[in-house]
Amino acid sequence: MKVLKLICVASLLLYGSVTSEVQAGREQTSLEAADNALKAGKFAEAEKLYAKTLSADPKSQQAALGLARVALFANRLADAEKWSKKAIELKPDDKTAKLALAEVYYRRDDFQRAAPLFRAAEREPVARKLESFNTKPYDVRNRELVGHLKFLQTDPLPLVQVLVNGSGPVNFLIDTGGGEVIVDTEFAKEVSVPQFGVETGAYAGQRNAPLNNGRIDSLILGGLEVRNLPVRILDTRRYAAVAHGKRIDGILGTVLLYHFLATIDYQADELVLRPRKKSSLLSFERVAAAEKQIVVPFWMAGDHFILAWGRVNQVAPLLLFVDTGLAGLGFTAPRSTLEAAGIKLPEDQSSEKTAARPSTVRFTVNQLALGEAVEKNIGGLFGVFEGELAGIRIAGLISHQFFRPYALTLDFTEMRLFLKRKN
């Protein structure tokens with residue numbers, strides 16, 4: 001979602017000695033401040049400023065849309081629905097507002113209401129895919145069970161075995177940097193995955209990856225069966241190097257994990273999928289409190305970009321993307337973050353610089369933190385992350401090596417990460 005350039009229309013009325021030009025200037029300043037706060041990840045501040053603007057001008061479509069975006073980041077779907085509808089009412093042709101409302105329905109698995117909004121926003125392949133669901137999506141059979149899916153390997157990325165559409169066991173990576181479940185292009189043909197059209201997107205360092213849209217009837221993992229899932233289709237067999245030569249037929253991403261209280265337990269070498277319901281959360285909270293697990297608030301952009309505040313060396317808190325899929329490494333960032341943290345890339349330390357610079361460069365972070373979780377000597381890779389997601393400035397991407405000593409639990413109900421370190 002692109003950052004909005006908020007433009008105000010001057011009032012035609014005079015209020016006492018205050019001219020319409022001054023009022024417009026004040027509104028513009030408030031909207032710009034709200035937009036800047038949102039872009040910086042200061043969600044509470046942005047919400048206050050958008051609300052202030054809308055209170056002063058109930059017809060400010062930009063402010064209503066800003067409130068919808070903030071609510072989506074916090075996964076407050078009732079608020080996001082209210083403000084998205086308000087923004088559409090004020091500007092019926094605004095594709096960004098329609099995408100915001102589409103995201104509300106998508107997160108609720110209300111695909112029939114989401115589909116026409118995606119179509120109106122010119123996301124036709126997604127619309128066709130969602131329209132194809134005439135039964136409940138993400139229908140978890142054995143709903144009361146807790147699924148345990150053992151890792152075939154933990155490094156450089158967790159690898160598990162699942163069954164898709166009645167197939168035999170196949171290898172899938174776990175990656176919170178992925179959205180919907182991804183199915184390999186050739187494997188999709190083997191298990192008769194219907195296809196609804198290609199969109200381009202960024203994945204695994206590829207900026208314009210062709211991502212086809214499909215759906216699968218069944219995914220069995222850890223004793224659980226999930227029926228009726230939307231998927232993306234991409235060549236994943238090319239990632240065999242991160243599976244020690246094993247064939248990779250797909251990837252489990254954040255959208256699947258969103259439907260559970262999920263733990264990626266790097267020390268026990270397993271993925272734990274608890275039912276996403278109040279009783280499961282209360283039980284887990286009691287255990288987490290007794291174990292003094294670290295709790296970190298997070299926000300979510302789009303359908304899967306998990307954002308949380310952390311620190312790099314001694315720099316002030318920075319907004320980071322929690323993407324567990326950087327194989328074997330723990331961090332990547334744009335040059336501006338590295339410079340602020342005093343991290344010098346190897347080529348910067350050489351006595352002679354040439355025009356032939358490597359496309360990616362490894363480095364080490366002395367100290368990396370996410371909330372109160374702190375790890376030292378984390379390996380990083382420069383050149384694979386540009387520093388912006390969904391219109392939000394992101395200082396870096398925190399990944400596998402950082403989380404390796406922990407059990408990482410994702411609570412999408414209260415929007416919290418739990419980190420349990422195992423020495």
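**Reading the strands and helices**

Modeller: Begin with β22, which is covered on both faces: Tyr406, Leu408 and Leu410 are buried on one side, and Ala407, Thr409 and Asp411 are buried on the other. Buried means under 20% relative accessible area, exposed means over 50%, and partly exposed lies in between (1.4 Å probe, protein chains only). Strands (E, at least two residues) and helices (H or I, at least four) are DSSP runs, numbered from the N terminus.

Biologist: What should I know about the source before going on?

Modeller: This is a predicted model, where local features need pLDDT of at least 70, side-chain atom pairs count only at pLDDT 80 or more, and totals for chains, interfaces and linings use all residues. Residues are numbered from 1 along each chain as its sequence is written, and side-chain values use heavy atoms, with hydrogens and water left out.

Biologist: How many residues of β22 are buried?

Modeller: Six of the six, across residues 406-411, so β22 is largely enclosed by the rest of the structure. For the protein as a whole, buried residues make up 56% of the 423. Its secondary structure comes to 13 helices and 23 strands.

Biologist: Which strands does β22 pair with?

Modeller: The general idea first. Strands of a sheet pair through backbone hydrogen bonds, either parallel or antiparallel. Here, pairing requires at least two DSSP bridges between two strands. β22 pairs with β10 (residues 260-265) in the antiparallel sense, over four bridges. Asp265 stands opposite Ala407 in that pairing. β22 also runs antiparallel to β23 (residues 416-421), with six bridges joining them. In β23, Leu417 is the bridge partner of Leu410.

Biologist: How do I read two packed helices?

Modeller: Two packed helices are described by the angle between their axes and the distance between the axes. Axes are lines fitted to C-alpha atoms, for helices over the stretch in contact, and angles run from 0 to 180 degrees between N-to-C directions. Take α3 (residues 61-73) and α4 (residues 77-90): their axes come within 8 Å and cross at roughly 155°. That makes α3 roughly antiparallel to α4. The cut-offs are under 35 degrees for roughly parallel, over 145 for roughly antiparallel and 65 to 115 for roughly perpendicular, with the rest oblique.

Biologist: Which residues of α3 and α4 meet?

Modeller: From α3, they include Leu65, Ala68 and Leu72; from α4, they include Ala80, Trp83 and Ala87. By class, the contact has eleven nonpolar, two polar and two charged residues. Ala, Val, Leu, Ile, Met, Phe, Trp, Tyr, Cys and Pro count as nonpolar, Asp, Glu, Lys and Arg as charged, and the others, Gly among them, as polar.

Biologist: Is Asn228 buried or exposed, and is Lys292 buried or exposed?

Modeller: Asn228 is buried, at 9% relative accessible area. Lys292, in the loop between α10 and β12, is exposed at 72%.

Biologist: Where does Gly201 lie?

Modeller: Gly201 is in strand β6 (residues 195-203) and is buried, at 15%. Its C-alpha is 6.7 Å from that of Leu211, ten residues apart in sequence.

Key. Contact = heavy atoms within 4.5 Å.
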